[in-house]
Amino acid sequence: LRVDLRSSADRAWHAALTMSFSAAYQGLTLVVVLVNIVFFVVAQARLYLFYAGYVACLAALNFAAGGFIRIFLPQLDAGEIQLALTVPVALQTVMAALFVRDLLEVPARYHRVDGIMRVIAVLGVVATVLTVAGRFQQIAVLQAVVQLILTLTTFLVSLDQIRRRMPQAI
């Protein structure tokens, strides 16, 4: 058993430092979202919009999980805070699938993988709707499996693209 005794001033300093780093992270995610929205407007490439959506989901999740939601929206009840935690998790699946699909040019290069990405995006939409309907607990494991499949698929496609671009040994 480990016991760590600190003074109240030391605890206050540690809490202030931790919240400062969290606030800086939150601010940086918002800057990334805004920059990618500007890139989308200027370049007219959906890739930037999907990435902005993905990072916005991460920012929303951090806002809720990091305690900022209690500071800035104290009137929310436990159910509303639960939605603020779970909806971004479900919605980020949609944004990530669409972003990766465009980033790795999946439709043009990997027709079968494109089907997988489309199914993942649709499952993300279904998960988002079910989450808003209050059914996140029932689909949480399936949601995690879908995100794992997305991560594995992205990894394998990335490895294949690296392999194809490497110069052949003589």
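At what angle do helix 1 and helix 2 pack, and how far apart are their axes? Let's start there, and hello everyone. Helix 1, residues 8-43, packs against helix 2, residues 46-65, at an angle of about 160°, and their axes are 8 Å apart. An angle over 145° counts as roughly antiparallel, so helix 1 is roughly antiparallel to helix 2. The crossing of the two is left-handed.

Before going on, please keep in mind that this is a predicted model. The average pLDDT of the protein is 86, and 97% of the residues score at least 70. Confidence is highest in helix 6, at 91, and lowest in helix 3, residues 68-72, where the mean is 78.

Now the overall picture. There are 7 helices and 0 strands in the protein, so if you read along the sequence, you get α-α-α-α-α-α-α. As for dimensions, the C-alpha atoms fill a box of roughly 65 × 45 × 45 Å along the principal axes. The radius of gyration is 20 Å, whereas a compact globule of 170 residues would have one near 15 Å.

Back to helix 1 and helix 2, this time with the side chains in mind. On the helix 1 side, the contact includes Tyr 25, Leu 30, Val 33, Ile 37, Phe 39 and Phe 40. Helix 2 brings residues including Tyr 48, Leu 49, Tyr 51, Val 55 and Phe 63. By class, the residues of this contact divide into 16 nonpolar, 5 polar and 1 charged.

How do their axes cross? Helix 4 covers residues 78-103 and helix 6 covers residues 111-132; their axes come within 8 Å and cross at roughly 165°. Helix 4 and helix 6 are therefore roughly antiparallel to each other, and their crossing is left-handed.

Which residues of helix 4 and helix 6 meet? From helix 4 we have, among them, Leu 83, Val 87, Ala 90, Leu 91, Val 94 and Arg 101. From helix 6, the partners include Asp 114, Met 117, Arg 118, Ile 120, Gly 124 and Val 125. This contact has 14 nonpolar, 5 polar and 3 charged residues.

Conventions: Residues numbered from 1 in each chain as written. Predicted model: local features only at pLDDT ≥ 70, side-chain atom pairs only at ≥ 80, totals over all residues. Heavy atoms only, no water. Axes fitted to C-alpha atoms, helices over the stretch in contact; angles between N-to-C directions. Helix = DSSP H or I, 4+ residues; strand = E, 2+ residues; numbered from the N terminus. Parallel < 35°, antiparallel > 145°, perpendicular 65-115°, else oblique. Left-handed = near helix turned anticlockwise from the far one by under 90°. Contact = heavy atoms within 4.5 Å. Nonpolar A, V, L, I, M, F, W, Y, C, P; charged D, E, K, R; others polar. pLDDT = per-residue confidence, 0-100. Rg over C-alpha atoms; globule rule 2.2 N^0.38 Å.
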